[in-house]
Amino acid sequence: MQGFVERKAKLIADAKANDEPVGIAKHTSSNLFRYAPADRRGTGLDLSDFHHCLSLDAQARTLDVEGLTTFEQIVDYTLPYGLVPRITPELKHITIGGATVGIGIESNCFRYGFVHDGLIEAEVLMPDGRVVLASANNEYADLFYGLPNSYGTLGYILRARIHLMPAQPYVHLATRRFHDVDAFLDAMRAATESDEIDFVEGLFLDKDRLYVTCSRFCASVPRVDDIVREHVFYKLLLARPDVYLTTKDYLFRYDPEWFWNLPESWPYDLFRRYAPARFRNSGFYKRYTTRKNALRRRLGLRDGSDEEPLIQDWELPWDEAAAFTRFALREVDLSGRPWIATPIRTPRSPPLYPVRENTLYYNLGCYCYVRKPGNKPPYWYTRILDDECFARGGLKMLYSSTFLSREKFDRIYNGPAYAALKARYDPNGVFGDLYSKAVLEP
Ligand SMILES: Cc1cc2nc3c(=O)[nH]c(=O)nc-3n(C[C@H](O)[C@H](O)[C@H](O)COP(=O)(O)OP(=O)(O)OC[C@H]3O[C@@H](n4cnc5c(N)ncnc54)[C@H](O)[C@@H]3O)c2cc1C
């Protein structure tokens, strides 16, 4: 804690209230999938020192942690105590601050809600250089509830106190195949009602190949499968009804392949097997592809422009899940890569991400590049899936490309509540505006 107090004092001394737009500088790679031109990103506020786990209370099952600490650091710190965050996003370099303001999910969201539902209090750096403590019951309760889906535009989390949950050393993943959408969804929904199951997730490739994986913590397992060097996780899952992982590998199971984005070819097979551990993660892979594409563009080579990213998460009330799934399968060809489905139930409705509380939602995620359809405008698939989702009363996360008028954006994401928060906490717009950040900058 002493280190945090000193880092905070230095930051406050350095921070000047100014009218320049501000963005943050950090050491780890961002998990946003929007690319603002560098000159529009604002001056960097260097928060990269705020990446420490501060103190763990094993009895209360809470952790005090700095805002830019990655989930890998957190899990490495808490797992030896038999504890992990209630929700741990699947990529190692996502930070507690980024996932809290950006809507973080995992396969146990049906039990614990989103990442931000595990937040107990946060020390937040405000646009005027103050640091305030926001919690559900103090004078900054509106800020506390407003953080989810604010993407740093209300303030930056320097320290968070979060809930932890008990964990065992291993996870057993049991997968069943289904041959139609309704049976697949019924199985997922039923699993969310079982006390025996800790994690529920669905993967599907087409309307005949749908898989539900129900997983639970275990003290011991008959074997441990290797998904870093030996197997590509999702292929192993679809091939074997029983998979056994260490808990850390389970939590970050999609990290080594950045879901399914590491190509299947002999050079990459060698890379999988022999690359130093520090390269076998999504942070390295994202930096690598970004630089590779920039270089190809500079050299005038093909830059993948016949493909477009379809990297999105949509959230719909469960009753709409079947129709949305069928729409996705009918309209989009992922060339053999899976869609991913997660059931979610949140205990409270955040003002800026107005899902209904205590209601089962269906999260559909797509994390890959798809071939562009002929004669269609850019981001065609994103646009049609977004429209379908919004028409069915759903909403989507804003970490990736979004195409909405300001009026529609305000209607979906509660513009009046956001305006009230900005008026109170950032009247000069120093930390930027959510619509500009989410829609205008990609
Ligand atoms: C391919 C892909 C896969 C994803 N998969 C998952 C997943 O499996 N599970 C999941 O939960 N999410 C997933 N996400 C979404 C991810 O959680 C969000 O993009 C999240 O906001 C990223 O956080 P970050 O720590 O990487 O922060 P960054 O990407 O660096 O920043 C994200 C936003 O948060 C703001 N921010 C960062 N730190 C702070 C802070 N301390 N205080 C306030 N604001 C801050 C930044 O200003 C920025 O607007 C995925 C995203 C992508 C692109």
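Mentor: Two strands pair if DSSP finds at least two bridges between them. Keep that in mind for this model, which is predicted.

Trainee: What makes β13 and β15 a pair?

Mentor: Strand β13 (residues 307–317) and strand β15 (residues 361–371) are joined by 11 bridges, and at least two are required. They therefore count as paired, and they run antiparallel. Within this pair, I311 stands opposite Y367 in β15.

Trainee: Which strands stand at the edges of the sheet, and why?

Mentor: The open sheet has 8 strands in the order β12-β9-β11-β10-β14-β15-β13-β16, with antiparallel pairing. β12 (242–246) and β16 (395–396) each have a single partner strand, so one side of each lacks a neighbour in the sheet.

Trainee: Which helices pack on the sheet?

Mentor: α6 does, touching β9 (170–178), β10 (199–206), β11 (209–218) and β14 (339–344). The direction of α6 makes about 15° with that of β11. α11 also packs on the sheet, where it touches β10, β13, β14 and β15; the direction of α11 makes about 5° with that of β15.

Trainee: What makes α11 and α12 roughly antiparallel?

Mentor: The axes of α11 and helix α12 (residues 380–391) cross at roughly 165° and come within 11 Å. Angles over 145 degrees count as roughly antiparallel, so α11 is roughly antiparallel to α12. This crossing of α11 past α12 is right-handed.

Trainee: Which residues meet there, and how do they divide by class?

Mentor: F324, F327, A328 and E331 in α11 meet I384, L385, E388 and C389 in α12. The residues of this contact divide into 6 nonpolar, no polar and 2 charged.

Trainee: Which helix gives the most to the shell around the ligand?

Mentor: α3 does, with 5 residues. Of the 26 residues around the ligand, G67, G97, G98, G102 and G152 come nearest. By class, the shell has 16 nonpolar, 9 polar and 1 charged residues.

Methods:
Residues numbered from 1 in each chain as written. Predicted model: local features only at pLDDT ≥ 70, side-chain atom pairs only at ≥ 80, totals over all residues. Near = placed C-beta within 6 Å. Helix = DSSP H or I, 4+ residues; strand = E, 2+ residues; numbered from the N terminus. Nonpolar A, V, L, I, M, F, W, Y, C, P; charged D, E, K, R; others polar. Contact = placed C-beta atoms within 7 Å. Axes fitted to C-alpha atoms, helices over the stretch in contact; angles between N-to-C directions. Parallel < 35°, antiparallel > 145°, perpendicular 65-115°, else oblique. Left-handed = near helix turned anticlockwise from the far one by under 90°.
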